[in-house]
Amino acid sequence: MEHMIRVQITDLSGHLTLEQLSPSKTAEKIQQNSSLWCYADNRLVQPNQMDEANLSTVSSIKMMPAFVGGQY
């Protein structure tokens, strides 16, 4: 059985959870949303480094807009 990954994409309109994507489909989603921060198993990673080979052991991907800190 092929390795599958749970993918969650969060943006300004809410979030979308895509259950059980293959590593190749997950890599496509990451590239389509490359402006978002990408977390592989809760570790921040660079989207351009997340290809099919690097996703072979990942169980979940979360993508969300960058957090910006500042003063109140």
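At 0% relative accessibility, T26 counts as buried. This value comes from a predicted model, as do the others reported here. T26 is found in helix α1. Leaving out residues up to four places away in sequence, T26 touches I5, V7, L21, L55 and I61.

Helix α1 covers residues 23-32. Strands β1 and β2 span 5-11 and 14-21, while β3 and β5 span 37-40 and 60-64. Strand β4 covers 43-45.

The overall dimensions were computed next. Along the principal axes, the C-alpha trace spans about 50 × 25 × 20 Å. Of the 72 residues, 33% count as buried. The accessible surface comes to about 5,100 Å², and carbon and sulfur atoms account for 50% of that surface. Contacts between residues at least 6 apart in sequence were also examined. Of these, 46% join residues at least 24 apart. As for charge, the protein chain carries 5 positive and 7 negative side chains. The centres of the two sets lie 6 Å apart.

Helix α1 was then considered in detail. Its buried residues are P23, T26, A27 and I30. These residues cover an arc of only 100° around the axis, so they lie on the same side of α1. The buried residues of α1 pack against β1, β2, β3 and β5. E28 also lies in helix α1. Its relative accessible area is 39%, so E28 is partly exposed. E28 and H15 are 13 residues apart along the chain. Their C-alpha atoms are separated by 18 Å.

Q8 is found in strand β1. With a relative accessibility of 18%, Q8 counts as buried, because the cut-off for that class is under 20%. Neighbours within four places in sequence were set aside. The contacts of Q8 are then H15, L16, T17, I61, K62 and M63. One of these, I61, is also touched by T26.

D41 is partly exposed, because its relative accessible area is 32%. N42 is also placed in the loop between β3 and β4. Phi of N42 is near 70°, again a positive value in a residue other than glycine. The relative accessible area of N42 is 60%, so this residue is exposed.

Technical notes: Residues numbered from 1 in each chain as written. Predicted model: local features only at pLDDT ≥ 70, side-chain atom pairs only at ≥ 80, totals over all residues. Heavy atoms only, no water. Buried < 20%, exposed > 50% of the residue type's maximum accessible area, 1.4 Å probe, protein only. Contact = heavy atoms within 4.5 Å. Areas by Shrake-Rupley, 256 points an atom, 1.4 Å probe, with all protein chains shown as cover. Lys, Arg positive; Asp, Glu negative; His and termini not counted. Charge placed at Lys NZ, Arg CZ, Asp CG, Glu CD. Helix = DSSP H or I, 4+ residues; strand = E, 2+ residues; numbered from the N terminus. Arc of directions from axis to C-beta.
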